[in-house]
Amino acid sequence: MKFNNKPSYLLAMLLAISISMSGCGGKAERQAKHLEKGKAYLEQADYDKARVEFKNVLQIDPKNADAYYMSGVLEEEQNNWPKAYGNYSKALELNPEHLDAKAKLGKIYLLSNDAVKAEKMVNEILAKKPADPAAHTLKAALMARKGDEAGAIQEASQVVVADPTQFEAVSLLAALYTKKGDEAKAKEVLEKGIKDNPRNVSLRMSLVSIATKHNDMASAEKQLIEIIAIDPKKLEYRITLATFYARTNQVDKAEKSLRDTIQADPEDETRYLLLAEFLATRKGPEEAEKELLSVIQNKPKAYKVRFGLAKIYQATNKPEKLRQLYLDIIDLDKTGPEGLKARNQLAEMEMQAGKKDEAEKLVAEVLKENPKDNQALLLRGKMLLVKGDAKGAIADFRSLLKDQPDSVDLLGLLTKAHLANKEPELAKETFNNAVSKFPDNPNVRMARADFLASSQDYDGALKDVDAVITADPKNLHALQAKAELEAAKKDWSAAESSMSKLKAASPDQPVGYYRLGLIYQAQKKFDQALAEFELALSKSPKSIEPLTAMVNVLAVQGKTDKAVARINQAIQATPDNFMAHLLLGGVYVSQKKYAEAEGAFRKVIQLNPKVSAAYLDITSLNLVRGDVKAAIHSLQQGLVAIPGDARMSMSLAELYQRSGDNDKAIAEYEAVLKKTPGIEAAANNLASLLTEKGDKASLDKALELAKHFENSATPAFVDTLGWIYYKSGQNDQALPLLQKAADKAPQAVIFQYHLGMALYKKGDMKAAKTALQKVVDSKASFPGIEEAKGVLAKI
């Protein structure tokens with residue numbers, strides 16, 4: 001077979017004459033110049049300049065098919081397949097005989113598994129140009145897709161022999177040999193292809209894959225370095241080399257490679273962030289922080305770097321540094337885009353910390369500059385919802401949905417706001433409208449299914465889930481949801497069937513076996529449940545969920561000795577599985593074998609000193625033994641290993657409080673809130689302790705901590721705020737809050753005591769007597785019981 005991809009000399013002469021006759025500076029000449037410049041820029045991978053040149057052509061002639069075709073090639077090079085498809089399609093629309101566009105479209109059809117359309121393109125091209133190399137390459141790929149690998153190899157080989165520069169045919173041929181198991185031949189094809197196409201990166205990357213597979217790291221490294229030499233400015237190639245070094249544990253080379261990446265383009269802030277990410281992973285977040293601070297010192301307005309540093313502070317839980325970083329950005333950029341972004345992020349941080357006034361102020365500043373700022377509108381909507389202003393929240397969420405109509409998160413928030421506004425039908429309508437607009441969007445359908453399931457409309461939820469499964473029978477999320485909905489209906493047979501389909505769709509994953517085991521467990525089919533949990537563990541021996549479920553089943557059956565034996569079996573298989581040791585300790589606790597339990601928990605600490613649960617479990621053991629001092633010591637040890645751990649700090653503060661050491665408790669709660677400002681329980685407990693101190697400074701501080709509890713759904717938090725107002729002499733503000741807390745939790749004696757005292761102070765003796773009588777009758781013991789008795793005696 002002979003391939004000829006070059007125009008005849010006669011045609012070339014005719015073209016030259018035609019161009020010369022068109023006149024200097026004519027439309028055709030200007031189009032040709034821009035097109036050639038665009039091709040040259042494309043060859044150099046300068047995509048922005050290439051795009052400008054192709055657009056220049058289309059400004060001169062909006063119907064230039066070649067400009068659309070080359071725009072498609074540009075988009076394909078950048079993996080923008082939808083745009084590539086659009087440009088190729090336009091080229092073919094303008095010139096139905098554009099064979100190159102047909103070949104490119106055929107390739108896209110094949111990649112999207114539409115073999116019929118791909119074959120149609122091939123046949124149309126070959127009917128016009130029997131020796132077209134692109135069409136024959138596509139034909140070879142189609143033959144391989146149909147299982148004719150020998151025929152595909154022969155077809156691709158003929159293309160390469162006729163024109164070795166057809167790199168796509170070279171790539172396909174190498175892939176076919178690799179699939180056949182002849183990697184030596186694949187390597188030979190690629191090496192020759194690289195000689196004929198020295199600047200082709202995809203061929204070199206295929207060679208890297210083969211070299212890596214055979215542990216020929218020197219060859220892989222050589223190719224990756226040569227790829228960078230082809231286009232030193234391209235970030236993607238440098239990232240690939242650094243990743244290669246990192247995966248092969250050549251840490252110093254990886255770091256040097258990333259630093260070289262920065263030197264290649266010091267103005268690209270992304271490169272500094274890549275280095276920081278590497279340092280955080282390999283050397284710790286402190287090194288990453290140090291690196292980024294150094295960049296900021298030299299480039300104060302490197303905002304992308306500053307926001308990258310913000311992510312490190314978030315991940316390492318450094319709220320004070322994070323707050324200052326945002327304030328610095330605001331100070332630098334004022335009301336510019338980066339300053340507004342910093343305000344939004346700081347507002348979200350303050351909102352989570354319970355500082356609603358500061359958050360509202362920041363959001364208002366953003367919306368003053370840009371009333372349509374999406375993040376600010378979202379934050380304002382969330383804050384309005386928390387404040388109880390559902391109507392305001394609805395307005396903000398609806399505004400946002402105009403630009404993001406298929407956002408599952410926004411749909412959920414708007415639904416929540418409608419429910420808060422006692423509009424359940426509008427909540428349902430919100431999802432119904434979204435599904436009507438986007439019937440094929442699985443995320444929207446699954447969101448509506450979750451909403452319907454939350455209101456126990458399991459049949460309605462199943463309709464949405466079934467629609468998703470019909471469109472995608474292997475959608476694991478939908479298959480699991482279907483089984484869980486059927487289980488909620490107690491349609492056990494259907495649930496078992498659906499979960500079996502999940503297993504079939506992902507036979508190598510533990511989730512289907514584990515979930516089916518849970519369904520059997522719910523039916524008390526314990527033997528079948530255990531069998532499924534065993535299968536889940538066989539798929540993932542270190543997974544703690546199926547092992548825990550197995551232990552729970554054995555415990556229900558009263559077979560804790562068997563549970564211990566099974567955990568020890570798992571430990572023997574994976575000795576470093578600290579979660580299994582933690583589980584073992586829990587079983588020993590249930591058996592009241594406290595010494596063995598402590599041994600298991602200490603083994604966890606030995607394997608991983610950063611597991612806070614082990615210290616907390618040892619603390620609980622010490623409390624069971626009545627040894628508060630030892631309990632405090634175990635938490636202090638844990639906080640040495642994991643400084644600032646919120647759970648352990650909270651537990652330590654509560655132990656100090658329980659043992660009457662209020663000053664230490666206050667100090668610990670303050671440390672918790674400094675490290676993790678959003679822990680409401682810490683704010684509540686600290687406010688309570690400060691209230692008991694009674695001095696004005698303490699009461700003012702308590703009020704600052706608790707004032708956002710006014711609309712809290714937690715009665716204890718509402719009671720705390722009410723009691724602060726009472727102690728501060730603001731009884732009119734105290735009484736409705738204390739009444740609300742007592743109404744929500746009428747059995748809470750302390751709430752009745754607080755309410756009784758406020759009613760007594762108001763002069764409502766009848767209501768005060770009722771509340772305080774409940775306190776006395778409860779025979780509870782707490783610091784205010786004697787005062788309650790004394791006041792009751794006066795009434």
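The buried residues of helix H38 are covered by elements that include helix H36 (612-624), helix H37 (628-641), helix H39 (662-675) and helix H40 (680-693), where contact means heavy atoms within 4.5 Å. Helices are DSSP runs of H or I with at least four residues, numbered from the N terminus. The structure is a predicted model, in which local features need pLDDT of at least 70 and side-chain atom pairs count only at pLDDT 80 or more, while totals for chains, interfaces and linings use all residues. Residues are numbered from 1 along each chain as its sequence is written, and side-chain values use heavy atoms, with hydrogens and water left out.

Within H38, the buried residues are Met-648, Ser-649, Met-650, Leu-652, Ala-653, Leu-655 and Tyr-656; buried denotes under 20% relative accessible area, exposed over 50%, and partly exposed in between, with a 1.4 Å probe and protein chains only. The N-terminal end of H38 is capped by Asp-645, a side-chain oxygen of which lies 3.3 Å from the backbone nitrogen of Arg-647. After H38 comes Gly-660, with a positive phi near 85°.

A pair of helices was examined next. Helix H16 (residues 269-282) packs against helix H17 (residues 285-298) at an angle of about 160°, and their axes are 7 Å apart. Axes are lines fitted to C-alpha atoms, for helices over the stretch in contact, and angles run from 0 to 180 degrees between N-to-C directions. H16 and H17 are therefore roughly antiparallel, a term for angles over 145 degrees. Tyr-272, Leu-273, Leu-275, Ala-276, Leu-279 and Ala-280 of H16 meet Pro-285, Glu-287, Ala-288, Glu-291, Leu-292 and Val-295 of H17.

Positive phi values also occur at residues other than glycine. Asn-249, in the loop between helix H14 (235-247) and helix H15 (251-264), has a positive phi of about 60° and is exposed at 59% relative accessibility. Lys-592, in the loop between helix H34 (578-590) and helix H35 (594-607), likewise has a positive phi of about 60°, and its relative accessibility of 61% makes it exposed.

Phe-167 is located in helix H10 (residues 167-180) and is partly exposed, at 34% relative accessibility. Leaving aside residues up to four places away in sequence, Phe-167 touches Asn-197, Asn-200, Ser-202 and Leu-203.

Conventions: Helices (H or I, at least four residues) and strands (E, at least two) are DSSP runs, numbered from the N terminus. A polar contact is a pair of N or O atoms within 3.5 Å; within protein, one must be able to donate a hydrogen and the other to accept it, and residues adjacent in sequence count only if both atoms are side-chain atoms. Angles under 35 degrees count as roughly parallel, over 145 as roughly antiparallel, 65 to 115 as roughly perpendicular and the rest as oblique.
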